Amino acid sequence: MPELPEVETVRRNLDRLLAGATIVDVRFGDFTGSIANPAPEIFAEEVRGRRFTGTGRRGKYLLLQIDSGDTIAIHLRMTGDLQVTLADEPWGKHLHLGLRLDDGRELRFTDVRKFGRIWLLTPPELEDLDERIGPEPLDPAFTDEQFHERLKSRSRAIKALLLEQTFLAGVGNIYADEALFAAKIHPLRSASSLTRDEANALLAAIRVAFQQAIDRGGTTVRNYRNGLGEAGGNQHYLQIYNLAEGDPCPRCGTPINRIVVAQRGTRFCATCQPLEAQA
Ligand SMILES: [Zn+2]
């Protein structure tokens, strides 16, 4: 599933491709369930004739602003994919929405698993979305101290907490495992047990993992494409997420453990990431 770096990569590519383009027509495939709100025909009415004025991202939500002041918000979930193609290219089986542009191109939303969702949000609705999502890890205004404060009141396993989008924006299974490994923190440690130093190390590890993945165009484990139909490049640099149980830890050689935390497969090294806090 795309996480913050993948959505950010798509955003950057679409920002360039959609700049100044106007939506002249809206086409749907057989499945219109991707349009979560408003009803598809209202959505089409509201966006037809509108010009793209900019892009944004909040957590794993991609935001496309149009000149009515509304925002098209898109959550790619498992297999959602956005691409700008020529409008006369064949309509694919899993293609659910096409926004035809004034220059003969089309922004297309394809989704094999059909879990992806699209909303047209008014400014107050966008504000509501913003308020439901935790701080952005890459926001320089979000400090180590604030992160540690947020951890203190939470007894959940740290891995499970990192996956909660209301706690922190944009972290999913891949980067949670990678960051906990880099910061040498066991995924089942209670969040409130993390010391200030551990909290600092964890936030730093999340930031490094995100920034490096963005620089490499995101991580493609299965389906993710970068908005240009291409795979990302960060999957070649994963430390632990792509290892199988028993594979040697890349740092110390101990066989990697695999457990399930918050219903997600979780890899860690019991030597590098001990369950007891280090003195
Ligand atoms: Zn290790």
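This is a predicted model: local features need pLDDT of at least 70, side-chain atom pairs count only at pLDDT 80 or more; totals for chains, interfaces and linings use all residues.
Ala, Val, Leu, Ile, Met, Phe, Trp, Tyr, Cys and Pro count as nonpolar, Asp, Glu, Lys and Arg as charged, and the others, Gly among them, as polar. The lining of the second largest pocket, for instance, has 9 nonpolar, 3 polar and 2 charged residues. A zinc ion with four cysteine donors, Cys249, Cys252, Cys269 and Cys272, is also present.

**Largest pocket**

- The volume of the largest pocket is about 430 Å³. Its lining comprises 24 residues, and Met1, Pro2, Met78, Arg222 and Arg264 are the closest to the centre.
- Both domain 1 (4–132) and domain 2 (144–268) contribute at least three residues to this lining.
- At least two lining residues come from each of strand S6 (80–86) and helix H6 (173–182).
- By class, the lining of the largest pocket consists of 9 nonpolar, 8 polar and 7 charged residues.

**Second largest pocket**

- The second largest pocket has a volume of about 210 Å³. Among its 14 lining residues, Glu178, Ala209, Gln212, Tyr237 and Gln239 lie nearest the centre.
- H6 and helix H7 (196–215) each provide at least two residues of this lining, and H6 gives the most, with 5 residues.

**Cavities**

- There are 2 cavities of 30 Å³ or more.
- The largest cavity, with a volume of about 50 Å³, is lined by Ile72, Ile74, Leu82, Leu97, Leu99, Leu107, Arg108, Phe109 and Ile118. Strands S5 (71–75), S7 (95–101) and S8 (105–111) are the elements that give two or more residues to this lining.
- S8 makes the greatest contribution to the lining of the largest cavity, with 3 residues. That lining has 8 nonpolar residues, no polar residues and 1 charged residue.
- The second largest cavity has a volume of about 40 Å³, and its lining is formed by Pro2, Val10, Leu76, Gly80, Asp81, Leu82, Tyr224, Arg225 and Gly227.
- S6 supplies the largest share of the lining of the second largest cavity, 3 residues. By class, this lining has 5 nonpolar, 2 polar and 2 charged residues.
- The second largest cavity lies between domain 1 (4–132) and domain 2 (144–268), because both give residues to its lining.

**Zinc site**

- The SG atoms of Cys249, Cys252, Cys269 and Cys272 are the protein donors of the zinc ion, at 2.2 to 2.4 Å from it. Along the chain, the donors follow the spacing C-x2-C-x16-C-x2-C.
- The arrangement of the 4 donor atoms is tetrahedral because they subtend angles of 100 to 113 degrees around the zinc ion.
- Cys269 and Cys272 are both buried.

How values were computed: Residues are numbered from 1 along each chain as its sequence is written. Side-chain values use heavy atoms; hydrogens and water are left out. On a 1 Å grid over the protein atoms alone, a cavity is a set of points where a 1.4 Å probe fits but cannot get out, and a pocket is an open set with protein on both sides within 12 Å along at least five of seven lines; lining residues have an atom within 4 Å of a point. Grid points are joined across faces, edges and corners, and a volume is the space filled by probe spheres set on the points. Helices (H or I, at least four residues) and strands (E, at least two) are DSSP runs, numbered from the N terminus. Domain bounds come from an automatic or database domain assignment. Donors are N, O and S atoms within 2.8 Å of the metal (3.2 Å for Na, K and Ca); water is not among the atoms, so sites may look incomplete. Four donors count as tetrahedral if all angles lie between 85 and 135 degrees; four count as square planar and six as octahedral if opposite donors are over 155 degrees apart and all others between 65 and 115; anything else is irregular. Buried means under 20% relative accessible area, exposed over 50%, partly exposed in between (1.4 Å probe, protein chains only).
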